[in-house]
Amino acid sequence: MASSCLPGDGGVAPADAVELEVFRHLFAAVAEEMGHRLMRSAFSPNIKERRDFSCAIFDGQGEMLAQAAHIPVHLGSTPMAVRAVIDAFPHNNNADEGVADTVYVVNDPFAGGTHLPDITVVTPVVIDPNAGAAFYVANRAHHADIGGATPGSLPISRHIDEEGLRITPRVLDEDTIAWIAEHSRTPDERRGDLLAQLAALRIGRDRLIELVQRYTLPVVAQRGRDLQAYTERFVRRLISDLPDGSTSFQDVLDDDGLGTRDIAIRCDLAVAGDSATLDLSASDDQVPGPVNAVRAIAASAVNYCFRCLLPPELPSNGGVMRPITLVTRPGSIVDAQYPAPVVGGNVETSQRLVDVVFGTLAPLLPDRVPAASCGSMNNITFGGTDPRPGMNHRPFAYYETLAGGAGAASGRPGGSALHTHMTNTLNTPIEAFEHAYPVRITRYAVRLGSGGKGESPGGDGIIRAYTFDAPATVTLLTERRTHRPHGLHGGQPAQPGRNTLSHPNTEPHPLPGKTTLNINPGDTLTIQTPGGGGASKYS
């Protein structure tokens, strides 16, 4: 393939279909190998078991070249974090000794991040020291505790600073690692997870350098541009097959945990030729509680929805969003401004954004777009000190999301007990969970009958019960406890979720969807997640 180079002027001939496919796999393999190294190296169950992380590679301008099949809410927003690093450290694009070995870190939601527990690390890949960065590699991982008001760093907050340590783009050196760790309730785990992220960056950088050594930099760089253009053409073809015109859809969040209810998200979609505009500016203002989403989250949701409509083998890269214009209003629930609390925007509002974007697309693609899925990541965090023998009252903090039901589509039932849409994590095995924490899983089952009825029924949610053997502080950040996931084409909505707490020998009593509470030994917390909406055949 190095023979693609034209002699004399350094140009590169256009790629044929076979060469494009080869480079699609080469780029994707780099991101996947990064993910494997991060998973195998991590300390926390949240990363090594649930795989709450994402890896991607970028060109020298910060546009995505390839991603691994990791977390959609991460991958659609990570380019903004890479862009924030490039803007904060413009010397990456100039000759500068030492740039090739520099790693940068950011989690600031107002600088390309999503919420504070998601820490992004970025490093440039320098081939020619006189030419700056040829590529960037990056990964984002959810850290189980980054400080803040409650263990797990998902508090029912009123200000971003209550949610943990906020890191604007900076160099990640030993001092910075120590600084991050000391702000966490579990410093050793933080340090171990950060070192795993660094290991993943190294393998990504090394593999890209190997590609350049094999095929030359002009060829590798051009094939990246070719793949981005290829994806862009597919998206434009998809949009051009839609009828010109406009559609609208609106849905609401249950509440913000601090008294604001029925928070509306509205999308107006306009199609013109081979381009589309999605306008979210009519959505409600940002709210006092932590369900505000930054613009990066809105971009992730739009990217994800359109990617779902494309062939699975199509490269996922910066070309997806080129034909799409996203309009948001600063200060709104989907473009929150400092000092808004945003920890739930990443995990809950992102899910509602998907429901709304798909809702605008449903009239245009009635046989392809599904009913609403469970619409919540069903977040639980808890922490305390471990009284078990040999644990020496070691601090612990844990975070997980729970599966729900998938929405049905015309002629296709929804799946049960799945992590849907913007989350793509795995179940934490009970054995690993109970080994790590003084908590037992005393029930884990499919929540039969929770999916919406229809010719194609929606998927069922799950039931998961935690019995605590030590005092703990627990925070729940859940949605669809009031407003049910909607059906499609006459299909019925799904059952809402339900959270309950029971003390020994007492009946369970209901809990709000968003709450922080102190748990005593012997208490059992039960979370029943929503199902997915049902659907009937479109005719």
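Residues are numbered from 1 along each chain as its sequence is written, and side-chain values use heavy atoms, leaving out hydrogens and water. Because the model is predicted, local features need pLDDT of at least 70 and side-chain atom pairs count only at pLDDT 80 or more, whereas totals for chains, interfaces and linings use all residues. Helices (H or I, at least four residues) and strands (E, at least two) are DSSP runs, numbered from the N terminus.

Helix α1 (residues 17-41) packs against helix α6 (residues 187-215). Their angle is about 155°, and their axes lie 8 Å apart. Axes are lines fitted to C-alpha atoms, for helices over the stretch in contact; angles run from 0 to 180 degrees between N-to-C directions. The angle makes α1 roughly antiparallel to α6. Angles under 35 degrees count as roughly parallel, over 145 as roughly antiparallel, 65 to 115 as roughly perpendicular and the rest as oblique. The crossing of α1 and α6 is right-handed. A crossing is right-handed if the near helix is turned clockwise from the far one by less than a right angle, and left-handed if anticlockwise. The α1 side of the contact (heavy atoms within 4.5 Å) includes F23, L26, F27 and V30. The α6 side includes A196, A199, A200 and L201. By class, the residues of this contact divide into 14 nonpolar, 4 polar and 3 charged. Here Ala, Val, Leu, Ile, Met, Phe, Trp, Tyr, Cys and Pro count as nonpolar, Asp, Glu, Lys and Arg as charged, and the others, Gly among them, as polar.

Helix α6 also packs with α7, at an angle of about 115° and with axes 7 Å apart. L211, V212 and Y215 of α6 meet L217, V219 and V220 of α7. This contact has 6 nonpolar residues, with no polar and no charged ones.

Helix α7 (residues 217-240) in turn lies across β8, β9 and β10, running at about 80° to β9. These strands belong to an open sheet of 4 strands, in the order β7-β8-β9-β10, with mixed pairing. Two strands pair if DSSP finds at least two bridges between them. The edge strands, β7 (245-255) and β10 (324-327), each pair on one side only. Neighbouring strands are turned by 15° against each other on average, direction ignored. Within the sheet, β8 (residues 261-272) and β9 (residues 275-279) pair in the antiparallel sense over 5 bridges. V271 stands opposite A276 in β9. Helix α8 (residues 295-308) packs on this sheet as well, touching β9 and β10. The direction of α8 makes about 145° with that of β10.

A search of the whole structure finds 30 salt bridges (a side-chain nitrogen of Lys or Arg within 4 Å of a carboxyl oxygen of Asp or Glu). Side chains of opposite charge can pair when their charged atoms come close. One of the salt bridges joins R236 and E232, whose closest N and O atoms are 3.0 Å apart. Both residues lie in helix α7, 4 residues apart, about one turn of the helix.

Helix α8 packs with helix α9 (residues 343-361) at an angle of about 45°, their axes being 9 Å apart. That makes α8 oblique to α9. The crossing of α8 and α9 is right-handed. Among the residues that meet are I297, A298 and A301 in α8, and L353, V354 and V357 in α9. The contact of α8 with α9 divides into 13 nonpolar, 3 polar and no charged residues.

A second open sheet has 4 strands in the order β12-β11-β15-β18, with antiparallel pairing. β12 (394-400) and β18 (514-519) stand at its edges with a single partner strand each, so one side of each has no neighbour in the sheet. The twist averages 10° from one strand to the next. β11 (residues 379-386) and β15 (residues 472-477) pair over 5 bridges. F382 has V474 in β15 as its bridge partner. Helix α9 packs on this sheet, touching β11, β12 and β15. The direction of α9 makes about 50° with that of β15.

Two backbone details lie in loops. A cis peptide bond joins Y338 and P339, with omega about 5°. P339 is placed in the loop between β10 and α9. S153 has a positive phi of about 60°, although it is not a glycine. S153 is in the loop between β5 (133-142) and β6 (170-171).
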